[in-house]
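Hi everyone, thanks for coming.

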Amino acid sequence: MDDATPRPLAIIKAGDTFGPLREQRGDFEHWVLAGLGPIGLPVVVLDPRRGDTLPAPQQISGAIVTGSHAMVSHREPWSEATGAWLAQLVAHGTPLLGICFGHQLLAHALGGEAGGHPGGPEIGTVGIALAAEAAGDALLGEMPARFDAHVVHWQSAVRLPPGAVRLAGNAFEPHQAFRVGPRAWGLQFHPEFDAEVMRYYIDRTADELRERGADPDALRARVADAEASTGLLRRFACIAEAHQATAAAPA
């Protein structure tokens with residue numbers, strides 16, 4: 001590929017949302033694309049579950065790995081192969097954003113650990129605090145010290161990989177965000193969710209939540225807009241665009 005030709009931003013589709021919600025609102029990749037806003041790069045959606053070939057790191061301007069209802073700890077072949085590819089992106093310095101499942105897969109691929117959270121699921125709109133190490137971070141550095149975000153996860157990055165920098169957390173989940181290398185981030189929370197999607201997930205899992213001692217009605221009542229966290233997708237798009245511009249600049 002000629003350096004002057006814009007290299008695409010790849011959305012790696014690691015899962016599907018629930019069918020009725022997908023019919024009404026589209027799927028994970030559509031929500032991510034909407035959150036990116038106007039972008040000066042072509043965007044491609046690739047699904048490794050169906051055997052899509054993942055491009056070499058130098059062929060893309062960046063990659064976003066979506067959430068999934070799959071579990072990293074199950075180590076399905078497509079998931080493990082995607083994890084190995086993520087490690088290549090990190091080594092190359094290609095901008096990378098892992099969301100929820102993608103966050104856990106990034107940790108696992110680089111020598112950390114993904115597994116069940118000892119406290120069970122975390123779901124709803126929750127408060128998150130930046131760590132001191134987030135100061136100056138290209139993605140999270142301009143976030144408020146405390147912000148709201150939408151979460152739904154049964155597993156977590158229970159151990160970050162060697163060299164990772166913890167960027168944000170809360171009392172339930174200390175690893176809400178991390179960075180590894182200069183341009184690879186994992187977010188346990190969902191910047192692509194809005195309040196309507198968040199309420200749907202609470203309603204859909206209400207019976208299981210009650211069995212675990214949670215109050216779905218209270219969780220639903222606390223759902224609110226999370227504009228600060230949703231802006232992270234647009235910020236990542238700017239990082240990918242800047243990476244493309246640098247690669248295309250004459251030596």
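Let's start with Asp207: it's exposed, at a relative accessible area of 57%. For that word, exposed is over 50% relative accessible area, buried is under 20%, and partly exposed is in between, using a 1.4 Å probe and protein chains only.

Before I go on, a bit of housekeeping: this is a predicted model, where local features need pLDDT of at least 70, side-chain atom pairs count only at pLDDT 80 or more, and totals for chains, interfaces and linings use all residues. Residues are numbered from 1 along each chain as its sequence is written, and side-chain values use heavy atoms, with hydrogens and water left out.

Back to Asp207. Which residue forms a salt bridge with Asp207? That's Arg210, with the closest N and O atoms 3.3 Å apart. By salt bridge I mean a side-chain nitrogen of Lys or Arg within 4 Å of a carboxyl oxygen of Asp or Glu. Arg210 counts as partly exposed, at 43% relative accessibility. Both residues sit in helix H6, three residues apart, which is about one turn of the helix. In general, an α-helix has 3.6 residues a turn, so residues three or four places apart point the same way.

How many salt bridges does the structure hold? The count is 14. Some of them join up: Lys13, Asp16, Asp27, Glu29, Asp47 and Arg49 are linked in a network. Within it, Asp16 bridges to Lys13 at 2.9 Å; Asp16 is partly exposed at 29%, while Lys13 is buried at 8%. Arg49 and Asp47 meet at 2.8 Å, N to O. Here Arg49 is partly exposed, with 31% relative accessibility, and Asp47 is buried, with 7%.

Now for the rings. There are eight aromatic pairs, meaning rings of Phe, Tyr and Trp (its six-membered ring) with centres within 6.5 Å; planes under 30 degrees apart are stacked, over 60 edge-to-face, and the rest tilted. Take Trp31 and Phe193: their centres are 5.7 Å apart and their planes are at 80 degrees, so this pair is edge-to-face. It ties together distant parts of the chain, with Trp31 in helix H2 and Phe193 in the loop between strand S11 (184-187) and H5, 162 residues apart. Trp31 and Phe193 are both buried.

Then there's Trp78 with Phe101, again with centres 5.7 Å apart, but with planes at 25 degrees, so that pair is stacked. Trp78 is in helix H3 (residues 77-92) and Phe101 in helix H4, 23 residues apart. Trp78 is buried at 14%, and Phe101 is buried at 2%. Leaving out residues up to four places away in sequence, Phe101 touches several others, including Ala14, Thr66, Met71 and Ser79; a contact means heavy atoms within 4.5 Å.

One more stop on the rings: Phe18, Phe28, Trp31, Phe193, Tyr200 and Tyr201 form one aromatic cluster. Tyr200 and Tyr201 are also among the buried residues of helix H5 (residues 195-204). What do the buried residues of H5 pack against? Their partners include helix H1 (19-25), helix H2 (28-36), strand S6 (122-130) and helix H6 (206-211). And that brings us back to H6, where Arg210 and Asp207 lie.

Technical notes
Helices (H or I, at least four residues) and strands (E, at least two) are DSSP runs, numbered from the N terminus.
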